[in-house]
Amino acid sequence: MAKDENVEVIFGNWIKSNADGWSVSGNIPEGKRPDKFIIFDRTGGDRSGMVLDRAEMLAEVYHKESRLEASQMANKLADNAQQMLSNGDITHVDVNSLVHLDDPKNGYYRYQLYINVYHRR
């Protein structure tokens, strides 16, 4: 991967490689939402000049029918987070927290997974 690749691109590609047919996007799907989908975003993290980006990344796992399936996918992502280290520019991966927080307004079970990802720029 390119040295200057954005950590959000790396994170999104890693989720897609683990998604097992789930829809994955950086945005909430517009219109009719799928029954199961994953969105991701950067929620914070500092940068050390032009050298290191210590990003806190978020993956939100949504499932319309099954809390168990949402939980299983969130746990799979947490268990596989270290795979990002195969990208030579990722120097550290740490699962910060895994939170169950349903989306009752839209009728989805939801798990939020916060992962610290250090990206050498």
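Me: Why does Tyr-62 count as buried?
Reply: Its relative accessibility is 3%. Buried means under 20% relative accessible area, exposed over 50%, partly exposed in between (1.4 Å probe, protein chains only). The value of 3% falls under 20%, so Tyr-62 is buried.

Me: What are the ground rules here?
Reply: This is a predicted model, where local features need pLDDT of at least 70 and side-chain atom pairs count only at pLDDT 80 or more, while totals for chains, interfaces and linings use all residues. Residues are numbered from 1 along each chain as its sequence is written, and side-chain values use heavy atoms, with hydrogens and water left out.

Me: What makes Phe-11 and Trp-14 a tilted pair?
Reply: Rings of Phe, Tyr and Trp (its six-membered ring) pair if their centres lie within 6.5 Å; planes under 30 degrees apart count as stacked, over 60 as edge-to-face and the rest as tilted. Here the centres are 5.6 Å apart and the planes make 40°.

Me: Why is the pair of Phe-37 and Tyr-62 called stacked?
Reply: The ring centres lie 4.5 Å apart and the planes stand at 10°, so the pair is stacked. Phe-37 belongs to strand β2 (residues 36-44) and Tyr-62 to strand β4 (residues 52-63), so the pair ties together parts 25 residues apart in sequence. Strands are DSSP runs (E, at least two residues) and helices likewise (H or I, at least four), numbered from the N terminus. Phe-37 is buried too, at 0%.

Me: How do you know that Asp-20 and Lys-76 form a salt bridge?
Reply: The term needs a side-chain nitrogen of Lys or Arg within 4 Å of a carboxyl oxygen of Asp or Glu. The closest N and O atoms are 2.4 Å apart, so the pair qualifies. Asp-20 is exposed at 56%, whereas Lys-76 is partly exposed at 23%.

Me: Why do Arg-33 and Asp-103 qualify as a salt bridge?
Reply: Their closest N and O atoms are 3.8 Å apart. That is within 4 Å, so the pair counts. Arg-33 is partly exposed at 22%, and Asp-103 is buried at 9%.

Me: What makes Lys-64 sit over the ring of Tyr-108?
Reply: A charge sits over a ring if NZ of Lys or CZ of Arg is within 6 Å of the ring centre and within 35 degrees of the ring normal. The charged end of Lys-64 is 4.7 Å from the centre of the Tyr-108 ring.
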